[in-house]
Amino acid sequence: DGNDNYSYVFQHGNANLSFVNQIGDDNDSDVNQTGDDNDSDVIQNGSNNMSGVAQIGNDNESYVNQQGVLNNSSVLQSGNDNYSEVDQIGNFNFSDVKQFGNDNWSDVNQSGNNNISGVIQTGTMHISEVNQTGNFNTSTVLQTGNNHNSLVNQVGNGNSSVVTQSN
């Protein structure tokens with residue numbers, strides 16, 4: 001519902017699901033799923049929001065919820081049984097999630113404006129949660145190997161954090 005919204009969905013494999021709901025103007029959603037039993041949901045409510053989801057493998061899940069103006073979310077999951085959720089409430093927020101391997105889990109919550117989050121997880125059984133409430137916060141999470149857990153809570157303005165874990 002709105003004007004000049006764009007949605008592209010490409011699926012190759014079996015039993016893949018994709019749901020895109022766009023309300024507002026000039027929103028852009030791209031979903032690419034290759035493999036079996038992958039699920040992607042994208043909700044965009046506002047204007048000029050951008051979402052890109054790529055899932056390669058089996059049984060991956062991605063949920064993107066963008067409410068506001070000029071939010072940008074990118075999700076890449078390669079492997080099996082990975083889960084990503086991105087909630088962007090506000091304006092000018094940026095989230096980039098990359099998960100390579102199996103059984104990884106990422107949750108990014110951005111409430112406010114001009115927040116930046118980057119999550120890269122490579123390996124197996126990683127958990128990352130990033131919560132940003134406020135404006136101009138920056139978070140980077142890099143986990144490689146197996147079985148790492150990270151929780152980042154940023155409340156206020158202009159906070160910065162870097163988490164690096166490997167084995």
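Asp-59 is partly exposed, with a relative accessible area of 35%. On this scale buried means under 20% relative accessible area, exposed means over 50%, and partly exposed lies in between (1.4 Å probe, protein chains only). Asp-59 sits in the loop between β6 (50-58) and β7 (61-69). The model is predicted: local features need pLDDT of at least 70, side-chain atom pairs count only at pLDDT 80 or more, and totals for chains, interfaces and linings use all residues. Residues are numbered from 1 along each chain as its sequence is written, and side-chain values use heavy atoms, with hydrogens and water left out.

**Overall fold**

- The protein has 0 helices and 16 strands. The radius of gyration is 15 Å, close to the 15 Å that the globule rule gives for 167 residues, so the protein is as compact as a globular protein of that length.
- That radius is taken over C-alpha atoms, and the globule rule is 2.2 Å times the number of residues to the power 0.38.
- Helices (H or I, at least four residues) and strands (E, at least two) are DSSP runs, numbered from the N terminus.
- Along the principal axes, the C-alpha atoms fill a box of roughly 50 × 45 × 10 Å.
- Of the 167 residues, 41% count as buried.

**Surface patches**

- Which residues gather in a patch of negative charge on the surface? They are Asp-37, Asp-59, Glu-61, Asp-81 and Asp-103.
- Tyr-6, Tyr-8 and Phe-10 form a nonpolar surface patch, with about 290 Å² of accessible area together.
- Tyr-6 belongs to strand β2 (residues 6-14). Tyr-6 is partly exposed, at a relative accessible area of 42%.
- Patch residues have over 30% relative accessible area and no salt bridge; like charges are joined within 9 Å, and nonpolar side chains (Val, Leu, Ile, Met, Phe, Trp, Tyr) within 5 Å.
- Asp and Glu count as negative, Lys and Arg as positive; His and the chain ends are not counted. A charge is placed at NZ of Lys, CZ of Arg, CG of Asp or CD of Glu.
- Accessible areas come from the Shrake-Rupley method with a 1.4 Å probe; for residues, only the protein chains shown count as cover.

**Salt bridge**

- How many salt bridges does a search of the whole structure find? The search finds 1.
- Asp-96 forms a salt bridge with Lys-98, and their closest N and O atoms are 2.7 Å apart.
- A salt bridge here is a side-chain nitrogen of Lys or Arg within 4 Å of a carboxyl oxygen of Asp or Glu.
- Lys-98 is partly exposed, with a relative accessible area of 27%.

**Positive phi in loops**

- Most residues other than glycine have a negative phi.
- Ala-15 has a phi near 60 degrees, a positive value in a residue other than glycine. Ala-15 lies in the loop between β2 and β3 (17-25). Ala-15 is exposed, at a relative accessible area of 52%.
- Asp-59 also has a positive phi, near 60 degrees. The loop between β6 and β7 holds Asp-59.

- Is Asn-71 buried or exposed? Asn-71 is buried, with a relative accessible area of 0%.
- Asn-71 is found in the loop between β7 and β8 (72-80).
- Met-125 lies in the loop between β12 (116-124) and β13 (127-135). Met-125 is partly exposed, at a relative accessible area of 42%.
- Met-125 and Asn-147 are 22 residues apart in sequence and 4.7 Å apart in space, C-alpha to C-alpha.

- Glu-85 is in strand β9 (residues 83-91). Glu-85 counts as partly exposed, at 24% relative accessibility.
- The C-alpha atoms of Glu-85 and Glu-61 are separated by 8.3 Å, and the two residues are 24 residues apart along the chain.
- Val-141 is in strand β14 (residues 138-146). Val-141 is buried, with a relative accessible area of 1%.
- Val-141 and Gln-22 are 119 residues apart along the chain, and their C-alpha atoms are separated by 29 Å.
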